[in-house]
Structures are given as structure tokens and as C-alpha cells.
Amino acid sequence: MQVNKVSFSKIWKIASIEYVKWICNSRMVLLVIMYIFMRVCVISPLLERSGRLNQPLNLLEPFIAVGNSGFIVLILPIVYLTLMSDYPKTDGNSMMVLVRTGKINWLAGQLIFSFLSILSYLLILFFATVLSVFPYAFLDNGWSLVATDFDYYFPEEAGSTTSMLLPANLYNQMAPYEAAVSTFLFLAMYFFLLVSIMLLFRIYKQKLVGFFISGSLIALGAACCSLKTPLMWVFPMAHSIIWLHFDGRFRRQPVPVFASVLYYAVSCTIIIVLAVRQIKWYSLDNHEEVD
């Protein structure tokens with residue numbers, strides 16, 4: 001069976017086939033449930049604040065809030081992992097695919113597919129938030145008064161859950177364009193780390209262990225972030241939330257943004273290297289996990 005011969009056409013073929021199967025899966029209905037969570041927890045509160053202040057939102061603020069809300073950032077990876085729960089999907093034709101494409105091409109195709117799935121998932125969330133506030137928003141590289149001044153006009157609500165949707169740690173340190181791009185990229189790195197763990201353990205024929213580890217990283221990360229313990233930086237969730245990297249008013253960074261990029265880069269590189277080393281032993285012969 002081929003291991004080392006790389007074919008970009010075969011890699012793309014595998015990625016595109018997996019992507020079509022994924023996007024057509026009935027589990028995609030979970031995106032509707034995800035939108036309901038975003039609508040209730042983020043979009044509606046921001047629109048309500050906009051109405052009370054009689055000021056428009058920045059078009060990017062709901063997406064930024066979604067990617068920096070403690071509760072939603074807990075739900076986002078759970079939904080994504082559920083959508084990817086059988087990744088990499090193996091069926092009766094998988095052995096033939098491995099033989100025809102070679103194991104390295106199959107592995108690379110799975111990684112490309114994971115990139116495509118993450119990009120699609122985040123773009124769907126992005127456009128869902130943007131379209132939800134489009135009639136009540138403006139687009140500019142400046143924060144709205146809803147984000148920066150609401151607590152000033154309504155001090156009795158300062159420190160509430162909704163006031164933390166766009167915390168001072170964020171709007172005092174970054175312009176909206178930078179915050180939106182950073183939110184998108186750090187969520188993408190977070191999801192790629194989780195799905196890479198699932199791929200690695202699938203290659204080791206320990207699918208459930210991989211899913212359990214990814215789920216545990218989400219749960220433990222969420223718990224540590226809610227407690228604001230320094231231990232939260234051990235887990236990927238804290239590294240995916242931009243405002244946690246900054247002080248409320250000063251530019252001081254408890255953990256530099258660059259350190260989080262390095263955290264994801266090193267972790268993902270180690271996992272991919274282990275997967276490449278193990279793939280030569282991977283076989284679906286008598287494989288009990290074939291779907």
C-alpha cells in the first residue's frame with residue numbers, strides 16, 4: 001500500500017468527497033439550534049441595548065461577542081465536535097480508498113477536509129450574526145456606543161452578563177476589524193486542535209478515546225475560565241478568547257497573543273507529526289470501528 005507518494009489531485013479528491021458527505025449530513029440541523037443559542041444569548045441582548053440607547057451596533061460586534069462569550073464559546077466547539085463526531089468517517093469503501101490513494105494522501109485529504117469544515121462552520125456563524133443585525137448596524141472600524149457607553153448611561157446594569165458580551169478588555173485594546181479577524185482565527189485554531197486529536201486517535205484505532213479527550217479539553221477549559229484560575233491557560237479554550245489576553249484598560253497582557261499562537265502551532269504540529277508517523281501502520285482490516 002502506498003505511503004509516501006504525494007498526489008495533490010488525490011488529496012483534494014478525498015477532501016472534497018468528505019466535505020460533500022459532511023455538508024449533506026442530517027446533523028447539520030444542529031446549526032439551527034446553534035443559531036437559536038446565539039440569538040437568545042447574544043444577538044437579542046445586543047439589539048435590545050441598541051434600542052434602549054437608540055444607537056446602531058457595529059455590524060461585526062455580534063460575531064465578536066459570540067466568539068468571546070464564555071457560554072457560547074463552550075457551546076461552539078461542542079456543536080462542531082458533534083458535527084464531526086465520525087471524523088474521519090470510515091465505511092465499506094474506505095479500504096479501497098486507502099489502497100488507491102495511499103495513506104499519506106488520505107491523511108492529508110482528511111486534514112484539508114477539517115480546514116474546510118472549520119471555515120464553513122465559522123463563516124455560517126459569521127453571516128448568521130451579520131444578517132441578524134444588518135438593518136440596525138453600521139460597518140466601520142470603530143466600536144458602537146452600545147459597546148462602549150451603555151454602562152455609563154445605565155450604571156445599574158454594569159457588570160451584568162450582557163455587559164460582558166463586549167468587555168472593556170476587548171474594545172479598549174482592539175479595533176473591531178482586528179477583533180473580528182482575531183476571533184475568527186483563534187476559534188479556527190481551537191477547533192483544528194480538537195479535531196486533530198480526534199484524527200490522531202482514530203489512526204491509533206481509539207476513536208472514543210480521542211472524542212473523550214477533545215470533550216474533556218472543552219469541559220475543563222470552560223471550568224477553569226469561569227473560575228479565572230491561571231490553570232485555564234493549560235487548556236485551549238482560554239487561548240481562543242481574545243479579551244482574556246488583555247487587561248481592562250492597560251495594554252498589559254497576562255498571556256501574550258503570540259504565546260497563544262505558539263500554543264496552537266506547537267500542539268497541532270506535534271499531533272500531525274504523530275499522525276504521519278503512525279499512518280503507515282493504519283489499516284481497516286477487521287477494523288471494529290468501521291461505520
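Buried here means under 20% relative accessible area, exposed means over 50%, and partly exposed lies in between, using a 1.4 Å probe and protein chains only. The structure is a predicted model, in which local features need pLDDT of at least 70 and side-chain atom pairs count only at pLDDT 80 or more, while totals for chains, interfaces and linings use all residues. Residues are numbered from 1 along each chain as its sequence is written, and side-chain values use heavy atoms, with hydrogens and water left out.

A search of the whole structure finds 3 salt bridges, a salt bridge being a side-chain nitrogen of Lys or Arg within 4 Å of a carboxyl oxygen of Asp or Glu. Side chains of opposite charge can pair when their charged atoms come close. One of the bridges joins Arg52 and Glu48, with 3.3 Å between the closest N and O atoms. Arg52 and Glu48 are 4 residues apart in helix 2, so about one helical turn separates them. Helices are DSSP runs of H or I with at least four residues, numbered from the N terminus. Arg52 is partly exposed at 34% relative accessibility, and Glu48 is partly exposed at 38%.

Another bridge links the side chains of Glu18 and Lys21, at 3.5 Å from N to O. Both residues sit in helix 1 (residues 8–23), 3 residues apart, or about one turn of the helix. Glu18 is buried, with a relative accessible area of 11%, whereas Lys21 is partly exposed at 33%.

Asp86 and Arg27 also form a salt bridge, their closest N and O atoms being 3.2 Å apart. Asp86 lies in the loop between helix 4 (70–83) and helix 5 (94–101), and Arg27 lies in the loop between helix 1 and helix 2, so this pair ties together parts that are 59 residues apart in sequence. Asp86 is buried, with a relative accessible area of 13%; Arg27 is partly exposed, with 24%.

The next topic is the nonpolar core. Such a core is a set of buried Ala, Val, Leu, Ile, Met, Phe, Trp, Tyr and Cys residues joined through side-chain atoms within 4.5 Å. The largest one has 91 residues, of which Met34, Leu76, Tyr121 and Phe191 touch the most other members. Helix 10 (residues 176–203) gives the most to this core, with 17 residues.

Met34 belongs to helix 2 (residues 30–53) and is buried at 0% relative accessibility. Leaving aside neighbours within four places in sequence, Met34 is in contact (heavy atoms within 4.5 Å) with Ile72, Ile75, Leu76, Val79, Tyr121 and Leu125. By the same exclusion of residues up to four places away, Phe191 touches Leu76, Pro77, Tyr80, Ile118, Tyr121 and Leu122.

Ser117, in helix 6 (residues 103–133), is buried at 0% relative accessibility. A polar atom of the Ser117 side chain lies 2.8 Å from the backbone oxygen of Ser114. Not counting residues up to four places away in sequence, Ser117 touches Tyr19, Trp22, Tyr80 and Met84.

The structure holds 0 disulfides, a disulfide being a pair of cysteine sulfur atoms within 2.5 Å. Cys41 is partly exposed, with a relative accessible area of 27%, while Cys268 is buried, with 9%.

Methods. Helices (H or I, at least four residues) and strands (E, at least two) are DSSP runs, numbered from the N terminus. A polar contact is a pair of N or O atoms within 3.5 Å; within protein, one must be able to donate a hydrogen and the other to accept it, and residues adjacent in sequence count only if both atoms are side-chain atoms.
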